[in-house]
Amino acid sequence: MPDTASRPDTPRAPSTLCDPLAAALARAGLDAGIAALHPMADTGLAHHHLWLEREDDDWVARLPKQSQMRLDPAANLAYQAACFTRASRGGHAPALHGLLPPGPELPRGGLLVDAIHGRPARLPEDLPRLAEALASLHTLAVPAAAARAPLLSPADPWAAMREEVGEQARFLDQAELDDAARGLIEGELAALPRQLPPGPVAEPRLISFDAHPGNFLVTEDGRAVLVDLEKCRYGLVGFDLAHASLYTSTTWDLHSRAELTPDEVAAFYRHWLEATGLAGEVETLLACRRAMWLWSLTWCAKWRASHRREQDAQRRGEDWSATLSDDALIAHVRERVDHYLSVAAIEHVRREHRELHRLLTP
């Protein structure tokens, strides 16, 4: 089992999920060779995870708590199945082994994927490995537009990102922000460019859109594996590079937490550019970095405004109710959200952005 599943002090997925999962596996005819089920660490707001010991290779069951893509249970599973199927072709993501349809045991169903034996990413030393894992995703052949479904593939990924950030920014009114913090965020939103110049890094490619370091495990042979794939889309690679190296990402997860220097972040970008062979439009990559940061900040406002709501009894789509996760996880998220929405954290990222611009532009 992976390091993150074996920590005795880490909250676990409820053991009450073992029997429903066993029944769902039997109903789907996917229970052959399974010796034991083990609840794993409850570290995310979107899934419970259970480790399946098998006679051959172990699996992990991903049981959705909600759909961050606002999809009904069946569509959510189909979307995630496409994410794993496509991303695993690059060699740095788990392969998909089966799908558990929504049913009486598991109302949101589940996915069965490769279990990855590995440790959490250590920053900054693992940054080159993360860059290589993302490069494996970003250099995959992009199918014709008609063949990209069910994954999102907006005609203009930058405009779609601006729209998504703007939609989340509506929660700023409900987030009880400090006036100074609100003013800084609004100033950054207004500074986003209306459009990006054409170039290799402005073309849509398969991206994770959830590439924060806590979503990687590093295997014994030094390969970084992106294990959480539910929000893939055909978009701009700069969003992934940002999410892997932003302050709001590298200080999110308890087991991979680190505060990177601008020099370390710049080296990460250069390593990715070398691994992909893409000509880097640095201004485009940095614009994507600012947009991803603002996506994260407005998500924080959304979560702050939404997490006290009751759980959706009909289990339809998106649901940020705190009742779906362990109390310790919710306390951690609340502390991080409060910090990222503070003036001090916002100013920290603004300073880093200016320094990165100096380091990466001629």
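How many residues of helix α6 (residues 237-245) are buried? Nine of its nine residues are buried, where buried means under 20% relative accessible area, exposed over 50% and partly exposed in between (1.4 Å probe, protein chains only). The model is predicted: local features need pLDDT of at least 70, side-chain atom pairs count only at pLDDT 80 or more, and totals for chains, interfaces and linings use all residues. Residues are numbered from 1 along each chain as its sequence is written, and side-chain values use heavy atoms, without hydrogens and water.

**Overall build**
- The protein chain has 11 helices and 10 strands; these are DSSP runs (helices H or I, at least four residues; strands E, at least two), numbered from the N terminus.
- Of the 362 residues of the protein chain, 55% count as buried.
- The buried residues of α6 include Phe239, Leu241 and His243.

**Salt bridges**
- A salt bridge is a side-chain nitrogen of Lys or Arg within 4 Å of a carboxyl oxygen of Asp or Glu, and the count by this rule is 17.
- Glu164 forms a salt bridge with Arg233, with the closest N and O atoms 3.2 Å apart.
- Glu164 lies in helix α4 (residues 157-169) and Arg233 in strand β10 (residues 233-235), 69 residues apart.
- Glu164 is partly exposed at 24% relative accessibility, whereas Arg233 is buried at 9%.

**A network**
- Glu188 forms a salt bridge with Arg290, at 3.0 Å between the closest N and O atoms.
- Glu347 and Arg350 also meet in a salt bridge (3.1 Å, N to O), and both lie in helix α11 (residues 343-360), three residues apart.
- Salt bridges that share partners join Glu188, Arg290, Glu347 and Arg350 into one network.
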